[in-house]
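Dear colleague,

Please find below the structure for your review. My notes on it follow directly after.

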Amino acid sequence: YSKYPILSILIFYSFMYFKQDFTQIRAAVAVAIYIWAIDDILYKRPKIFILKIMLACFFHVSTIILCLTYFISNREINKRNYFIMLFGSFVASTLKLTTLFLKLPFFSFLTRLQSYIDKSASGATDGFNTFGLLFLMQFVLSFLLLYFIDTIKDKDKYGIFFVKLLLCGTICLYLLGGLSVAIATRINELLVFSTCISYTYF
């Protein structure tokens, strides 16, 4: 998918390999299988896509979340809506508005999700830092990619799809960070592989 494979490999080792894939091998394999399934998203082959996601789930069950990416279109992007969601999630994280989700009864039915929330609340995981260097860099680069998306889509037929993946990861990171660091970072880690492609657009 990358027009600059060497640069993509350098980005992978700089941002992902030592930080997550070196220690989280099962998740890395699951994401690799998902990358294999991207063509099935772009060319709308739902049955094959589901089979590959099921295979990925044998390595890491959280990959099931990536089923939602099947509905991401590579044809167009509403810049206004994504700008609103991107900045809205940042503001919500800064003002700690995401903690309101804890009052929803929905979470009481999800045991594993609730355990993640409890760990964050008890300090078992580090608190989410809205202005953390890596998180903030991801936010700024996501903003720049969205701003220049019209140029990107003319240069790369996969451009819109990979930028959307990165945007979804960034939005989830900030929107859910105040709720549970574990959940937010897990979803972001599943989608942040797109940086290996999208960062080459600069």
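Helices (H or I, at least four residues) and strands (E, at least two) are DSSP runs numbered from the N terminus.

The model is a predicted one, in which local features need pLDDT of at least 70 and side-chain atom pairs count only at pLDDT 80 or more, while totals for chains, interfaces and linings use all residues. Residues are numbered from 1 along each chain as its sequence is written, and side-chain values use heavy atoms, with hydrogens and water left out.

Helix α2 itself comprises 12 residues (25-36) and spans 17 Å from its first C-alpha to its last, close to the expected 16 Å; the expected span is 1.5 Å times one less than the number of residues. Its buried residues are Ala27, Ala30, Val31, Ile33 and Tyr34. They lie on the same side of α2 because they cover an arc of only 155° around the axis, the arc being that of the directions from the helix axis to the C-beta atoms. The exposed residues Ile25 and Trp36 are carried on the face of α2 turned away from its buried side.

Leaving aside residues up to four places away in sequence, Asn188 touches Gln138, Gly169, Thr170 and Leu173.

**Salt bridges**

The whole structure contains 5 salt bridges, each defined as a side-chain nitrogen of Lys or Arg within 4 Å of a carboxyl oxygen of Asp or Glu.

One of them links the side chains of Lys52 and Asp40 at 2.8 Å, N to O. Lys52 belongs to helix α4 and Asp40 to helix α3, so this pair ties together parts that are 12 residues apart in sequence. Both Lys52 and Asp40 are buried.

Glu189 forms another with Arg186, with the closest N and O atoms 3.5 Å apart. Glu189 and Arg186 are 3 residues apart in helix α10, which means that about one helical turn separates them. Both Glu189 and Arg186 are buried. Elsewhere, salt bridges that share partners join Asp40, Arg45 and Lys52 into one network.

Asp150 and Lys153 also form a salt bridge, the closest N and O atoms being 3.7 Å apart. Both lie in helix α8 (residues 149-155), 3 residues apart. Asp150 is partly exposed at 39% relative accessible area, and Lys153 is partly exposed at 38%.

**The chain as a whole**

The protein chain has 11 helices and 0 strands. Of its 202 residues, 45% are buried. Among contacts between residues at least 6 apart in sequence, 76% join residues at least 24 apart. The chain exposes about 11,300 Å², of which carbon and sulfur atoms supply 69%; accessible areas come from the Shrake-Rupley method with a 1.4 Å probe, and for residues only the protein chains shown count as cover.

Kind regards

Technical notes
Buried means under 20% relative accessible area, exposed over 50%, partly exposed in between (1.4 Å probe, protein chains only). Contact means heavy atoms within 4.5 Å.
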